Structure formats: structure tokens, C-alpha cells
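Let's go through some interface questions and ask what stands behind each term.

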Amino acid sequence: MGLVWTLVALVVVLAIAWRFLGHYMAAVYEGRVKWAAFIERPFYRLMGVNPEAEQSWQRYAASLIVFSGIAILATYLILRTQAYLPFNPQHLPNVTPALAWNTAVSFVTNTNWQNYSGETTMSYLSQMGALAVQNFVSASVGIAVAVALIRGFSRKGSKTIGNFWTDLTRGILYILVPISFIGAVIFMAQGALQTLGGPVHIHDVLNGFNQTIPRGPVASQEAIKQLGTNGGGFFNANGADPFENPTGLTNFLSISLMLSIPVALTYTFGKMVGSIRQGVAILAAMTIIFGSWLAIGAIAEHQANPAVTAAGLTHQTTGNMEGKEVRFGDTSSALYNVVSTQTSTGSVNSANDSYNPMGGFATMTGMMLGEVTPGGVGSGIYTILIYAIIAVFIGGLMVGRTPEYLGKKIQATEVKLAALGTLVMPITVLILTAIAVSVHAGQVAPLNKGPHGFSEILYSFTSVTNNNGSAFAGLSSNTAFYNIIQTFGLLLGRFAIIIPALALAGTLAAKNVVPASLGTFRTDKPIFVGLLIGVILIVGALTFFPAVSLGPIVEQLSHGKFF
Amino acid sequence: MLTHIRRSIVACIAFFAVLGLIYPLVETGIGQALFSHQANGSLTPYGSTLIGQKWTGPKWFQGRPDAYNPMATGGTNLGPRSKTLVADVTKQIARLKKDGIKPTSSLVTTSGSGVDPDISPSGAYAQVDAVAKARGLPVSEVKQLVASNITGPEFGFLGSSYVNVLKLDEALAKLK
């Protein structure tokens with residue numbers, strides 16, 4: 001019953017976010033919101049940017065790539081020199097080169113895959129000044145790309161798609177900072193840490209137990225980690241750690257924050273292209289897939305864990321509790337992890353690796369659909385719009401006319417760019433997984449044996465290439481091999497989709513609008529929603545079914561077998 | 001190109017100052033001023049109520065079989081078809097039965113954080129007889145103590161009911 005009411009509350013919160021945050025974001029990117037101009041203007045002055053000057057898609061993309069490159073470098077430098085910098089009460093040493101490189105790329109690409117334990121690796125300055133900064137910045141980059149692509153649809157005969165520096169700055173100052181600011185206060189009130197005091201040592205006289213408790217500025221990072229669909233935990237246990245996610249309320253807040261911007265962007269999209277119904281159609285496709293995967297995950301985790309049953313506990317009333325926190329229970333845990341994997345956040349409040357086979361199937365394959373249901377901030381909507389182009393193209397093939405989407409003719413260039421945008425992810429995931437399972441350095445990493453060990457490897461490359469960041473965390477991936485090879489997935493999964501998306505924005509913006517006629521395929525009707533869902537599922541299933549069969553599916557089918 | 005690089009460097013420095021220093025430090029100020037108990041780790045004289053501890057011996061209510069090392073948080077990551085997990089849980093079931101405690105899910109499985117401060121109400125009730133016997137207390141009194149330490153889901157539906165082991169054992173210590 002708890003899950004039903006939680007979902008009802010979630011729908012209410014998201015409906016409000018969809019309508020009002022969606023409306024507000026459209027106003028922000030159309031330059032109609034100015035309340036923070038006093039902070040915004042100095043930014044432009046420092047950068048030497050004229051906020052009104054628009055860029056072609058090539059200049060927009062170049063600005064984005066160079067900025068992301070410098071951001072990787074800046075993050076890397078802070079991690080490599082943290083021992084000499086302030087806010088390091090634990091006197092932690094500099095992060096090693098391969099790990100610092102992996103972490104810098106991971107945070108700049110909005111992934112937050114973590115090959116380290118925060119509590120024993122990162123100084124407070126690294127957490128606040130390197131990692132949390134990228135949580136804001138990479139999220140804003142994602143939304144900027146989405147808005148640029150939306151402008152491609154909404155403009156006619158335009159050579160430009162906006163200004164990267166303006167979009168980047170406005171997303172941070174008007175959207176991410178205010179919401180995070182309030183979110184962090186709620187996290188603190190509920191029990192999340194927010195201190196610069198170092199670890200404390202306690203001795204409990206009742207039981208004679210000694211403990212060293214790490215602390216840090218957690219709440220401020222927690223809020224943006226969820227809102228920006230980043231997902232990197234302050235501590236190793238991430239959202240399972242009581243200092244990050246202390247109560248049922250913060251668990252709900254986390255889920256709401258993860259979903260707010262990706263869901264609201266469908267309203268922003270509808271608003272900017274002049275038809276809210278178009279946004280509703282996209283949201284409907286997202287919701288139907290998300291709902292189905294949530295059902296798989298929640299039902300799976302509500303079942304007993306087969307290993308616990310085999311050990312002799314035959315009467316389990318609470319579902320699979322291995323790797324889960326008592327204060328959340330089985331279904332709230334499954335809800336959090338399904339949301340986190342389908343928003344490209346990747347934070348976890350329970351151990352994915354210990355999920356039942358179909359629970360792990362839900363979190364892993366949720367990412368394999370390309371992180372579009374609703375996907376990460378910005379990346380969700382720009383990726384699903386790429387799928388929408390494929391959908392109208394297939395629809396056009398069926399009836400034999402030139403496809404259109406939102407009044408723009410979809411021609412060879414657009415279809416090629418969209419195909420590139422959809423295929424980069426699966427190809428990268430499968431090739432990197434194939435490499436890892438064929439070499440010794442890749443084979444030795446899994447903790448679990450049998451199909452579950454293969455799942456750990458497959459999950460890792462699915463996660464990094466979809467810029468998710470969650471893990472089947474038994475994988476020992478803080479090795480030179482994984483630290484380096486994962487960055488190929490991280491970079492390709494981010495930029496090899498952003499560049500086609502911006503190129504699409506450019507070619508679409510330059511086109512004129514074809515007036516709708518009787519023969520136009522309506523993209524705000526259920527039939528389009530069905531077609532879009534079909535395209536997403538078919539692309540995902542065709543590319544990943546063989547690999548998934550070797551992992552979660554065979555594991556589900558091996559009744560009574562243990563490895 | 002050079003313009004892009006210069007702008008990127010300036011932007012990184014400006015964002016570092018605003019997002020990496022001002023934002024978290026202002027939040028820290030707010031936390032220390034308004035929620036200093038929570039922001040500093042919910043510390044009591046016996047430890048943090050949010051970080052579980054190891055309780056040994058029949059005189060105390062026990063938590064989950066976690067490692068309880070907050071400097072190395074995380075779950076075991078053992079999968080649902082892991083022989084190691086079967087063996088670990090078998091060991092926990094045997095240990096509980098030896099202490100006269102009926103095993104429940106939360107008492108034989110480890111958590112996601114490795115420092116779960118809570119057990120389920122059924123896990124607490126399962127220990128009542130053993131604790132009452134070891135302390136020479138009436139069973140009804142110990143049962144009453146457990147009942148008064150159950151925290152329900154927030155607003156009645158967010159999360160699950162739980163019992164905080166540190167608070168329960170603190171209350172238990174005060175009984176006699």
C-alpha cells in the first residue's frame with residue numbers, strides 16, 4: 001500500500017513540476033526571466049560574452065566541447081593536488097592519475113560512475129569544488145543541448161541555435177541553484193550532514209563499541225546530485241548511507257528531484273514549439289515505458305531472495321532485503337533505483353548487485369533503452385527527440401511520404417544524424433563489454449560468479465556509456481584497465497550523441513516550416529506515442545537481447561542453481 | 001578557438017567560486033545555525049543515531065549483521081544466486097537460533113549502507129523473549145518497550161516501519 005500512495009504523491013509533485021517548472025524553464029531560455037541578472041551580468045562580463053549574440057550550431061558545439069575539455073582538466077587538477085589544498089581534515093593523499101582521470105571524465109559527462117569510496121578518497125574541497133561543481137555544470141550543459149535542439153524545431157530559416165555561454169549560465173543560476181538550495185535545507189533538517197568538521201571518533205559505553213564516523217558537506221551535494229541527475233554519492237554507499245538519505249521523506253525528495261527537470265522539460269518543449277500536446281505525447285511515451293519497468297522492478301524485489309530461501313529462511317514477509325535499508329523497505333528501494341537508472345542519475349539507495357534477477361534486469365535494461373524514459377536532465381529529451389525523428393521516418397516509410405516532425409521535413413541528413421545518435425550507445429556498450437570479457441584484466445574484476453559476474457561487466461559499460469553511473473558494485477573496477485576503458489564509453493556516450501543532436505538543431509533551424517495538411521502524420525496522437533514506444537523498445541531489444549540473455553535472463557531461469 | 005579556451009577557463013574559475021565555495025559554505029552556515037544536531041551527524045553520548053553499531057551478547061537488541069564501519073560503507077554486493085550469500089545467511093540463521101531468536105529477513109541479511117541503524121519491528125519483537133530472559137525482566141515490559149520505539153513510515157506512507165536499535169537499547173539500559 002505504501003508504494004501506491006507514494007506513487008500518487010509523486011504524480012502530484014511531478015504534475016506541479018511539469019506545469020510550473022516547465023513553463024518557467026521555457027521563460028528562462030527565452031530570456032524572459034531576469035531576477036538574477038545582478039549575478040548573471042558579471043559572469044558574462046568576466047567571460048567576455050555578449051549574451052544576446054547567437055551562435056551557429058558549429059560554434060555552439062565548439063564552445064561546449066572546449067568548455068567540457070577544460071572542465072575535465074580543472075577537475076583532474078583539483079583531485080591530483082588535493083593534499084596541498086585546504087578543506088582536507090582527513091589529510092587524504094592526492095588521487096592517483098588513472099582514478100582522477102576516470103572520475104573527472106565521469107563527472108563532466110554527468111555520469112558520476114565512481115571507482116572510489118568518497119569517505120576515504122576525496123577531500124572536502126574535491127567534493128565541493130571539483131565534483132559538486134561539475135554536478136551543476138554538466139547538468140546545465142545537458143539542458144542547454146536540449147534547448148538548442150528544441151530551438152531547431154521552433155525556428156524557421158535561422159542560422160543560429162542560441163548562445164552556449166548564456167544557456168549554460170542561465171540554467172545554473174535560474175534553475176539548478178535555487179532548487180538545490182532549498183532541497184539541501186530539507187535534507188539537512190531530516191538528518192543529512194553539512195559540516196566542515198572532520199570525522200568524529202565515538203566510544204559507546206553501553207556496548208564498548210568504537211567507531212570513526214566520517215562527515216562532510218553532504219546535504220549541499222546531495223540536492224544537486226539528484227536534481228542534476230548526476231548521482232555521485234558523497235560516501236560509497238550513496239543514497240543508502242543514512243547521512244545522505246536519512247528518512248522516507250528524503251527518499252521521496254530524492255526521487256522527486258531526479259524526475260522533476262526531465263519530466264518538466266517535456267512541457268518546456270511543448271511550450272517552445274507552440275503546442276503543449278506535442279510535449280504530452282513525448283511524456284506519455286516516457287511514462288508508459290517507465291511504468292512498465294517500475295512494475296517489473298517492484299514486483300521482483302517484493303519476492304524473496306533465492307539465496308536467503310536456500311539458506312533456510314522460507315518465510316520472508318518483506319521481500320528481498322539483502323542490500324536494502326530497513327527504513328525504506330523493498331518497494332521504495334526498487335522505486336528509487338528504477339527512477340535513478342531511467343533518469344540517468346545512477347544514485348542508489350540499495351545494492352543493485354543484490355537485486356533479484358528480474359530486479360537487476362529492470363535497472364540494467366532501463367538504461368539500455370537509451371536513457372529516455374524520462375532520461376537525464378536535457379539528455380533525456382534530446383535523445384528521445386532523436387528517437388522521434390526515427391519514428392516519423394519509419395512512419396513515413398510505411399505510408400510512402402516524406403516524413404515531417406513539427407512542420408520540419410525530415411530528409412536524408414536528419415535521418416543519418418538521428419541514426420548516428422541512436423546507434424553510438426549500443427555499439428559502444430557491446431564492443432567495450434566484448435573487450436572486457438576477452439582480456440584477463442577485465443575477467444578478474446567481478447565479485448560474483450556465473451551469469452551474475454557477466455552482468456556486473458555488462459552493467460558497468462551500459463552505465464558509463466549511458467552516462468548513468470549506477471553499478472552492480474561488486475565489480476572491482478578501480479584498476480588501470482577499467483579506469484581507462486570506461487572513459488571511452490563515458491566520452492562517446494556523451495559527446496557522440498550531443499554533436500549529432502546539435503547538428504540536427506542546426507539543420508532543422510535552417511529549414512522552413514511545411515504547413516500541416518490532411519496527409520500530415522500527427523505527432524500529438526496516441527498512434528505516434530505507440531510508434532515512438534515501438535522504436536525505443538525495438539532498437540533496445542534488437543541490440544541488447546543476446547547480451548541480456550547471458551546475464552539476468554539466464555540467472556532468472558537457473559532455478560535452484562547457485563554459483 | 002583561443003576565445004573558447006579563455007572563456008572556458010574563466011567560467012571554470014567563476015563556477016568554482018560560486019558553486020564550489022559560496023554555495024556549500026552558505027548551506028553549511030544555515031545547517032550549523034538551524035539544524036546543528038542533524039548537520040553535525042545526529043550525535044548522542046552513545047554515538048550517532050543514524051549510524052548503526054554492533055551489539056553483542058543476549059542483553060542487547062541486535063542490529064543487522066552489517067560490518068558497521070562507516071569509513072567503508074556499502075553492501076556485500078552478493079547476488080541472488082551467490083553460494084557465498086547462501087553460506088553467510090545460513091550462518092546468521094544458526095547464530096540467531098542458538099540465541100533463541102526466530103530469524104527474520106532483516107536480521108539475517110546485510111543492508112545497502114553496511115551501517116543500517118534500524119531493524120524491522122518483527123526483527124525487534126523476535127528478540128524480546130531472549131532479551132527479557134537475559135535481563136530478568138518481564139516479557140510484557142520489554143515488548144512494550146519495543147512497541148513504543150517503532151517509528152512508522154513518514155506521513156504514514158513514505159518508507160517502512162522501523163526500530164532504531166541505538167534508541168531501543170538506550171531505553172533498555174534505562175529500564176533497570
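Q: How many salt bridges does the rule find across the interface of domain 1 of chain A and domain 2 of chain A?
A: Zero salt bridges turn up between domain 1 of chain A and domain 2 of chain A. To count, a side-chain nitrogen of Lys or Arg must sit within 4 Å of a carboxyl oxygen of Asp or Glu. This is a predicted model, so local features need pLDDT of at least 70, side-chain atom pairs count only at pLDDT 80 or more, and totals for chains, interfaces and linings use all residues. Side-chain values use heavy atoms, with hydrogens and water left out; residues are numbered from 1 along each chain as its sequence is written, and chains are lettered from A and ligands numbered from 1 in the order in which they are written.

Q: What makes residues of domain 1 of chain A and domain 2 of chain A count as in contact?
A: Contact means heavy atoms within 4.5 Å. On that basis, 41 residues of domain 1 of chain A touch 41 residues of domain 2 of chain A.

Q: What area do domain 1 of chain A and domain 2 of chain A bury between them?
A: About 3,400 Å², with 74% of it on carbon and sulfur atoms. Buried area is the accessible area (1.4 Å probe) that two parts lose on being put together, summed over both. On the domain 1 side, A:Trp113, A:Leu149 and A:Phe153 lose the most, together 24% of what that side buries.

Q: What about chain A and chain B: how many residues are in contact?
A: 116 residues of chain A meet 91 of chain B. These chains bury about 8,300 Å² between them, 67% of it on carbon and sulfur atoms, and their salt bridge count is zero.
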